[in-house]
Amino acid sequence: ATTTITTTTSVSSYPLPLHLPTYLHLPHRVPPPIPQLSTPWTSRSRRIRVLKEATEVETGDAPIPPAQDEGDQEDAAGELVANGAAEDAREDGLGLTRKVPFRSKRKADEDDEGYDRYTLRNGREVFQEKAYLVGVECKGTEDNIFSIEESLKELAQLADTAGLSVAGSTYQKLANPNPRTYIGSGKVAEIKCAIHALDVETVIFDDELSAGQLRNLEKALGGAVRVCDRTALILDIFNQRAATHEAALQVALAQMEYQLPRLTKMWTHLERQAGGKVKGMGEKQIEVDKRILRTQISALRKELESVRQHRKQYRNRRLSVPVPVVSLVGYTNAGKSTLLNHLTGADVLAEDQLFATLDPTTRRVQMKNGKEFLLTDTVGFIQKLPTTLVAAFRATLEEISESSLLVHVVDISHPLASQQIDAVDKVLQELDVASIPKLIVWNKIDKADDPERLKYEAKQIGALCISAMTGDGLEQFCSAVQEKLKDSLVPVEALIPYDKGELLNTIHQVGMVETTEYMEDGTLVRAHVPLPLARLLTPMRQLIAAAQ
Ligand SMILES: Nc1nc2c(ncn2[C@@H]2O[C@H](COP(=O)(O)OP(=O)(O)OP(=O)(O)O)[C@@H](O)[C@H]2O)c(=O)[nH]1
Ligand SMILES: [Mg+2]
């Protein structure tokens with residue numbers, strides 16, 4: 001009975017993993033908190049410290065935070081406290097902080113190379129974790145859009161975006177991945193040597209790994225390094241980037257769904273409290289953890305549903321204004337946000353980083369001829385896009401399926417432009433939006449080696465060359481959008497009563513008017529208009545039928 005009591009108290013005193021959105025910490029919404037897991041959930045284990053705190057550590061004035069009491073971290077607790085970094089350990093939510101040498105511990109060592117590995121990011125000192133990348137090319141997967149070298153290069157870019165510094169990489173060609181360690185044992189030994197020589201903290205695999213593979217690899221690589229996969233890395237970037245409530249919820253949900261099948265060894269402290277190994281205890285602990293995680297997942301789903309409902313209402317309101325919606329889609333970093341900003345004067349973050357945008361933004365584009373359309377910027381795509389993420393972002397991506405036109409923005413100056421196009425087409429197929437008219441634009445033409453040749457090639461396939469940065473070709477772009485939109489317009493003939501003048505204006509604004517005739521009861525218009533407007537005009541169309 002004593003054990004049971006101890007167990008209950010100690011479980012409730014566990015801190016929540018801090019990569020979850022803060023609202024999850026509110027007592028009224030939170031199911032019982034879950035313990036920190038030893039499995040690498042995400043790649044978040046960077047030491048983020050506000051500069052001021054860092055100075056305090058330097059002068060030795062840092063308040064000593066309370067030690068964490070998990071048995072699993074017991075051996076590390078002393079070190080954590082001595083370094084004033086327990087907070088960081090909490091922030092990581094991984095319980096892996098001890099694996100990275102801390103600055104103040106090594107401070108005495110004047111020529112400590114780790115000392116240089118703190119860089120300043122947004123006014124915060126961040127420990128630059130070193131990462132080693134591993135890829136596998138399996139026979140029979142030659143239809144992969146990217147070659148293994150290309151995929152690894154992109155993984156390096158992802159690692160950089162997440163704030164890691166890449167120390168090296170390797171790959172292996174295999175008939176089949178090893179079910180235990182994904183790569184062969186010889187390769188494991190080779191990587192182990194390399195990471196020790198390079199002083200690496202994290203090994204990132206280019207493909208999704210199973211719980212067993214993650215655990216076996218961590219063990220085989222000496223236990224002092226963290227192993228994670230591409231999906232965890234992308235989830236981590238999304239987690240860092242999520243700026244709105246909805247995005248945060250979506251990412252948290254995707255992270256939990258990724259974690260669920262990967263829950264392994266944990267709560268080992270209970271065994272100790274129970275006075276040694278308790279047979280079957282580990283098994284039960286996992287069950288409990290899974291249940292808690294499932295409860296959290298369903299709470300998140302509910303919350304997300306209500307946020308979505310809200311956005312849907314907003315969208316419906318917008319749809320009632322019959323302006324056609326054009327969605328920008330494309331590979332991450334293609335220049336979608338830059339294009340939106342240039343055309344609409346919006347202030348969406350556009351930078352040379354992967355996944356700068358997570359949330360959809362819609363702005364009105366007003367053309368010189370008075371016509372207008374709505375332009376939506378969305379999250380970028382990437383090859384090997386984690387399925388959990390696609391599912392989590394499905395609602396956001398639904399916006400795409402409701403648009404009248406898709407503009408596929410391509411970074412034509414990128415060496416892998418054609419592979420990126422294929423990857424985007426693949427995602428679009430998955431999203432079932434093939435029936436929506438599409439306009440292909442080749443962006444960053446200012447950066448391309450041979451713009452004239454590209455312009456010629458673009459013409460052959462009906463694509464458009466633009467530079468979202470310099471504004472080159474944007475006028476043609478707007479005309480092309482207008483032209484394409486016409487394809488999605490419905491021909492109508494309606495008699496608009498004179499007291500509905502504003503409707504006539506709307507038809508001129510968003511549709512293509514062929515003729516207008518001033519009749520006794522109103523204006524007779526023949527035009528091509530977007531479907532929502534055609535619906536709105538239905539009663540007036542009947543009026544004509546009656547008059548004839
Ligand atoms: N030279 C050049 N650079 C461009 C052009 N368009 C965009 N860029 C740059 O490309 C980078 C990515 O642009 P973004 O607009 O953030 O790309 P995005 O498609 O929104 O990317 P995600 O939001 O990550 O999917 C930024 O550094 C832009 O300045 C262009 O026409 N020419
Ligand atoms: Mg963007």
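## Basis of the description

Two strands are said to pair if DSSP finds at least two bridges between them. Strands (E, at least two residues) and helices (H or I, at least four residues) are DSSP runs, numbered from the N terminus.

The model is predicted: local features require pLDDT of at least 70 and side-chain atom pairs count only at pLDDT 80 or more, while totals for chains, interfaces and linings use all residues. Residues are numbered from 1 along each chain as its sequence is written, and chains are lettered from A and ligands numbered from 1 in the order in which they are written.

## The parallel sheet

Four strands form an open sheet in the order S5-S4-S6-S7, and their pairing is parallel. Strand S5 (165–174) and strand S7 (226–229) stand at the edges with a single partner strand each, so one side of each lacks a neighbour in the sheet. From one strand to the next, the twist averages 20 degrees; such angles run from 0 to 180 degrees between N-to-C directions, and axes are lines fitted to C-alpha atoms, for helices over the stretch in contact.

Strand S4 (residues 130–138) runs parallel to S5 and is joined to it by nine bridges. Within this pairing, Leu133 has Ser169 in S5 as its bridge partner. Helix H7 (residues 185–198) packs on the sheet, where it touches S4, S5 and strand S6 (202–205). The direction of H7 makes about 160 degrees with that of S4. Helix H9 (residues 230–241) also packs on the sheet, touching S6 and S7, and its direction makes about 85 degrees with that of S7.

## Helix packing around H9

The axes of H9 and helix H10 (residues 245–259) come within 10 Å and cross at roughly 155 degrees. The two helices are therefore roughly antiparallel, a term for angles over 145 degrees. H9 passes H10 in a left-handed crossing, one in which the near helix is turned anticlockwise from the far one by less than a right angle. In H9, Thr231, Ala232, Leu235, Phe238 and Asn239 meet Val251, Ala254, Gln255 and Tyr258 of H10; contact requires C-beta atoms, placed from the backbone, within 7 Å. This contact comprises six nonpolar, three polar and no charged residues. Here Ala, Val, Leu, Ile, Met, Phe, Trp, Tyr, Cys and Pro count as nonpolar, Asp, Glu, Lys and Arg as charged, and the others, Gly among them, as polar.

Helix H6 (residues 148–161) and H9 have axes that come within 9 Å and cross at roughly 35 degrees. Their crossing is left-handed. Leu155, Leu158, Ala159 and Thr161 in H6 meet Arg230, Leu233, Ile234 and Ile237 in H9, and the residues of this contact divide into six nonpolar, one polar and one charged.

## The antiparallel strands

Strand S16 (residues 522–529) pairs in the antiparallel sense with strand S14 (residues 490–497) over eight bridges. In this pairing, Ile496 stands opposite Thr523 of S16.

S16 also pairs with strand S15 (residues 512–518), again in the antiparallel sense, over six bridges. Thr516 has Val525 in S16 as its bridge partner. S15 and S16 form a hairpin, with three residues between them.

## Surroundings of ligand 1

Ligand 1 is surrounded by 23 residues, the closest being Gly335, Ser337, Ala350, Thr357 and Gly380; a residue is near the ligand if its C-beta atom, placed from the backbone, lies within 6 Å of it. Helix H13 (residues 336–344) supplies the largest share of this shell, three residues. By class, the shell has seven nonpolar, 10 polar and six charged residues.

Definitions and conventions: Two residues are in contact if their C-beta atoms, placed from the backbone, lie within 7 Å. Angles under 35 degrees count as roughly parallel, over 145 as roughly antiparallel, 65 to 115 as roughly perpendicular and the rest as oblique.
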